[in-house]
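Dear colleague,

Please find below the structure that I am handing over to you, followed by an account of what was found in it.

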Amino acid sequence: KVTKQLYKQEGCHPYKMAALPWVQLPLWIALSLALRNMTGYFPGLTPPPGVAESFAVEGIFWFQDLTLPDPYSILPIVLAVTNLINIELNSLRRQSPSRTQRIMTNMFRVLSVGMGYVGSQMPAGMTLYWSISSSYGLVQNILLKLPRVRRLLTIPRTPSESKQPFRDLATIVGEKAQAFVRLQRENLRRRD
C-alpha cells in the first residue's frame with residue numbers, strides 16, 4: 001500500500017519506468033539487424049557479393065575481420081560481464097526483493113550469459129556494437145548513482161538515495177558474500 005501511495009503521490013507509475021526499454025528495444029533490434037546484414041551474416045545463405053567487403057578489413061586489435069566471430073571470445077565475455085554487473089548493481093539496491101523481482105533478476109542473469117554465447121557466434125561487428133552499448137549502459141548506471149551527478153542533472157533526492165553509494169554497495173556485497181559462504185559451510189556440514 002505504501003509503495004502504491006508513493007507512486008501515486010510522485011506520479012511515478014511502474015509502467016512508466018517499463019516504457020523506456022520497450023521504446024529502445026525496437027531500435028536495438030533494428031540496428032542489430034542492420035549490422036547483421038552489413039556484416040554479411042546470413043545463416044545458411046550465401047551473402048550477396050560486396051556486402052561485407054569493408055567490414056572484412058576494418059577491424060582493430062585482435063578482431064581484424066568484423067564479419068567473423070571474435071576469435072578469442074573477448075567481446076562476448078565483455079558483453080556478458082557488463083550486462084551481469086548492470087543487473088547486479090540494480091539488484092543490490094533492494095534489501096528484501098519480492099518473489100517476482102528475484103525471478104526477474106535470475107531470468108536477466110541467465111539472459112546475460114545467453115547473450116554472451118550468442119555474441120560468440122555472431123560477427124565481431126555485431127558483438128562490438130552490443131558490447132559498447134552494454135558498457136555505455138553500465139557507465140550511465142554507475143554515474144547516476146553519484147549524488148553529485150544526480151544534482152547536476154537536477155534529479156531530486158529520493159529516500160533510498162545514499163550519500164556514499166559505492167561504500168554501501170560494497171557493504172551489501174560483503175554481507176551477501178558472507179551469507180553465501182555461511183550457507184556453503186552449512187551445506188558441507190550436512191553432507192558430512
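Of the 192 residues in the protein chain, 24% are buried, where buried means under 20% relative accessible area, exposed means over 50%, and partly exposed lies in between (1.4 Å probe, protein chains only). The model is a predicted one, in which local features need pLDDT of at least 70 and side-chain atom pairs count only at pLDDT 80 or more, while totals for chains, interfaces and linings use all residues. Residues are numbered from 1 along each chain as its sequence is written, and side-chain values use heavy atoms, with hydrogens and water left out.

Overall composition

The protein chain has 7 helices and 0 strands; helices (H or I, at least four residues) and strands (E, at least two) are DSSP runs, numbered from the N terminus. Read from the N terminus, the order of elements is α-α-α-α-α-α-α. The accessible surface of the chain comes to about 14100 Å², and 65% of this surface belongs to carbon and sulfur atoms. Accessible areas were computed by the Shrake-Rupley method with a 1.4 Å probe, and for residues only the protein chains shown count as cover. Among contacts between residues at least 6 apart in sequence, 57% join residues at least 24 apart; a contact means heavy atoms within 4.5 Å.

The buried residues of helix 4 are T105, S112, G116, G119 and S120. These buried residues pack against helix 3 (74-92) and helix 5 (124-143).

N141 lies in helix 5. With a relative accessible area of 13%, N141 is buried. Leaving aside residues up to four places away in sequence, N141 touches N86, L89 and N90.

Salt bridges

Side chains of opposite charge can pair when their charged atoms come close. A salt bridge is taken here as a side-chain nitrogen of Lys or Arg within 4 Å of a carboxyl oxygen of Asp or Glu. By this rule the count comes to 2 salt bridges.

One of them joins the side chains of E88 and R109, at 2.5 Å from N to O. E88 lies in helix 3 and R109 in helix 4, so the pair ties together parts that are 21 residues apart in sequence. E88 is partly exposed, with a relative accessible area of 26%, and R109 is likewise partly exposed, at 28%.

The side chains of E186 and R190 also meet in a salt bridge, at 3.9 Å from N to O. E186 and R190 are 4 residues apart in helix 7, and therefore separated by about one helical turn. E186 is partly exposed, with a relative accessible area of 32%, whereas R190 is exposed, at 61%.

A nonpolar surface patch

W22, L25, I29 and L33 make a nonpolar surface patch of about 410 Å². Patches are made of residues with over 30% relative accessible area and no salt bridge; like charges are joined within 9 Å, and nonpolar side chains (Val, Leu, Ile, Met, Phe, Trp, Tyr) within 5 Å. L33 is placed in helix 2 and counts as partly exposed, at 41% relative accessibility.

The loop between helix 2 and helix 3

Y72 is found in the loop between helix 2 (14-38) and helix 3. Y72 is exposed, with a relative accessible area of 58%. The C-alpha atoms of Y72 and S120 are separated by 9.0 Å, although the two residues are 48 residues apart along the chain. S120 is one of the buried residues of helix 4.

S73 is found in the loop between helix 2 and helix 3. S73 counts as partly exposed, at 25% relative accessibility. S73 and F63 are 10 residues apart in sequence and 9.7 Å apart in space, C-alpha to C-alpha.

With kind regards
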